Structure formats: C-alpha cells, structure tokens
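Here is a short note for a colleague who is starting on this model. Please read the points with the structure open beside them.

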Amino acid sequence: MAILEIKNLVKSYKEAGGILKGVSMNVERGEVVVILGPSGCGKSTLLRCINGLESIQGGQILLDGEVISNRQKDMHLVRQKIGMVFQSYDLFPNLTVLKNVLLGPIKAQKRDKAEVTAQAEKLLDRVGLLEKKNAYPRQLSGGQRQRVAIVRALCMNPEILLFDEVTAALDPEMVREVLDVMMALAKENRTMLIVTHQLEFARAVADRIVFIDDGVIVEEGKPDEFFSSPKTERAQKFLDAFKFEKRSTYAEGI
C-alpha cells in the first residue's frame, strides 16, 4: 500500500478559479518524488493541501490508508507525521537554534526534553551546525537557517517530508549546502516530496518526476526518461526553456 494517496484532488479559489483540477498520484514508502512545473501551476498548493494548510474542494488525501484531507479538528496530529520545510525558513527570531528545534517535539508531541535535546544535537551536528545551537536566526546565513528548518522538521520524526522551493531564496553559493543535506536524506530512503526548480538536483535525487501544468499532471516517469526523452510536447517546452535560460545566464557572464 502507498504511504500517501491523492485521489482526484480539486483545489480552487473564488478569485483565481481552479488551481488543482483532479490530481491523482500515489507515493510509496521510501520514494523521493520531485514535482516540476512552471510558476503558478499548482506545485506548492499541492504540498500545502497535503499538509492541511489549504482546504480542498474535491477528492481525498490518504496517509497510511486513512483520510486526512479537511480534518480540521485533529490536523495538528496529522502534521506531526508530515514534516514541511518552506522557502522562508519560518524560524522564531527570539529563540535560539536549539530552542527552535525543540519547540515542536516538546510542546506538540509532549516528548522528554532530554531525549529530544540529544536527538536535536545529533541532527545539528550532522548538518554542521552543532556549534550554532545557541545562536539566533539573525546570526545565521540563509543556508544555515534553511538547514535548521530541515533539522526542526526531522526532529518531529515525520513519516513524510515536504520541501517547497527551499533553495529559492538562497544565494547560489548557499544552495549546495542545503541540497547536500536533502541528498543525504534521500539516500536514507526517507519518503520525500520536493518542489524545486533545480533541475540537475531533481535528476540526481528523484525516484520519479511528476510534471504539473495548469493544475493537472501532464507527465510522470523516471528522471532519466523525463529529462532525456519527455513524452509530451509541454514537458519538452518546459525543459527547453530551462536550457535557454542556462545558456543566456552563461552568455551574460562572458
């Protein structure tokens, strides 16, 4: 059985109309799925629906065979199983790195402080930030703050990790340090859904690519197949646009 099942998911806004128009997909335990598509196609909205940050107008989302969509009363319990890392870090500026990481496990999960502290310090050490545990977010670089956000999500022991354009706000030299952490997590067979525009990273980390455009899944498949021989004209046009952008950026630097 898939750990996550999305069945005919519909999300719409009064102002913008349909954002997701009957999206269906399954995610197997230990699978890394990278979601690609143009800006505004519904990628981030899909992750927010999975994590209960957006209500849905149709369809179902199931975790371990249990319906979790539109469960307002106990969605906080569901979110403990679905960790999400955002582009904007969302760290509390008045708390140290360690206290930011400890807050969820201690307050929401009622876990023992000593046990959680040991886990948090181990994870911070793993991402090269143990010496920063008593620092405040303002004292960190963007890449360091994003690594703290990843540690915070991991410390909740989630079944699934969602990453929403986590490198989009970073300077180019900081992107690598965050992607390295995500690559290491993928090698541990963690279940991950990743929205990104880092195509080389997507090809390296994904077990499956899901390409979305205008609120529907246009194409999905193995990374090598998708990037080398996309089946649809729309996917080919999307990839060609990135190749052109990369060539243009290189030309500007000459």
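**Notes on helix packing and loops**

1. Helices α3 and α4 are oblique to each other. This is a predicted model, and every point below should be read as a description of that prediction. The axes of α3 and α4 lie 10 Å apart and pack at an angle of about 130°. The crossing of α3 over α4 is right-handed. On the α3 side the contact uses V97, L98, V101, L102, P105 and I106, and on the α4 side K113, V116, T117, A120, E121 and L124. Sorted by class, these residues are 9 nonpolar, 1 polar and 2 charged.

2. Helix α3 (residues 97-107) also meets helix α5 (residues 142-154): their axes come within 8 Å and cross at roughly 30°. The two helices are therefore roughly parallel to each other. Here, too, the crossing is right-handed. V97, N100 and V101 of α3 touch V148, V151 and R152 of α5. That contact divides into 4 nonpolar residues, 1 polar and 1 charged.

3. How many of the 13 residues of α5 are buried? The count is 12, so α5 is largely enclosed by the rest of the structure. Among the buried residues are G142, G143, Q144, V148, I150, V151, R152 and L154. Their packing partners are β6 (82-85), α3, α4 (113-126), β7 (160-164) and α6 (172-187). From first C-alpha to last, α5 reaches 19 Å, close to the 18 Å expected at 1.5 Å a residue.

4. Helix α6 has 16 residues and reaches 23 Å from its first C-alpha to its last, close to the 22 Å expected. Its buried residues are M174, V175, V178, L179, V181, M182, M183, L185 and A186. An α-helix has 3.6 residues a turn, so residues three or four places apart point the same way. With that in mind, look at M174, V178, V181 and L185, which are among the buried residues of α6. The cover over the buried residues of α6 includes β3 (32-36), α4, α5, β7, β8 (191-195) and α7 (199-205).

5. Some backbone angles deserve a check. Most residues other than glycine have a negative phi. D90 is not a glycine, yet has a positive phi of about 60°. D90 sits in the loop between β6 and α3 and is partly exposed, with a relative accessible area of 43%. D214 is another residue other than glycine with a positive phi, near 55°; D214 lies in the loop between β9 (208-213) and β10 (216-221). N189, which follows α6, has a positive phi near 65°.

6. Is P137 buried or exposed? P137 has 7% relative accessibility and so counts as buried. The residue is in the loop between α4 and α5. Apart from its neighbours within four places in sequence, P137 is in contact with L91, F92, P93, L95, N100 and R145. P137 and N100 are 37 residues apart along the chain, and their C-alpha atoms are separated by 9.2 Å. N100 is also one of the α3 residues in the contact with α5.

Notes: Residues are numbered from 1 along each chain as its sequence is written. This is a predicted model: local features need pLDDT of at least 70, side-chain atom pairs count only at pLDDT 80 or more; totals for chains, interfaces and linings use all residues. Side-chain values use heavy atoms; hydrogens and water are left out. Axes are lines fitted to C-alpha atoms, for helices over the stretch in contact, and angles run from 0 to 180 degrees between N-to-C directions. Helices (H or I, at least four residues) and strands (E, at least two) are DSSP runs, numbered from the N terminus. Angles under 35 degrees count as roughly parallel, over 145 as roughly antiparallel, 65 to 115 as roughly perpendicular and the rest as oblique. A crossing is left-handed if the near helix is turned anticlockwise from the far one by less than a right angle, and right-handed if clockwise. Contact means heavy atoms within 4.5 Å. Ala, Val, Leu, Ile, Met, Phe, Trp, Tyr, Cys and Pro count as nonpolar, Asp, Glu, Lys and Arg as charged, and the others, Gly among them, as polar. The expected span of a helix is 1.5 Å times one less than its number of residues. Buried means under 20% relative accessible area, exposed over 50%, partly exposed in between (1.4 Å probe, protein chains only).
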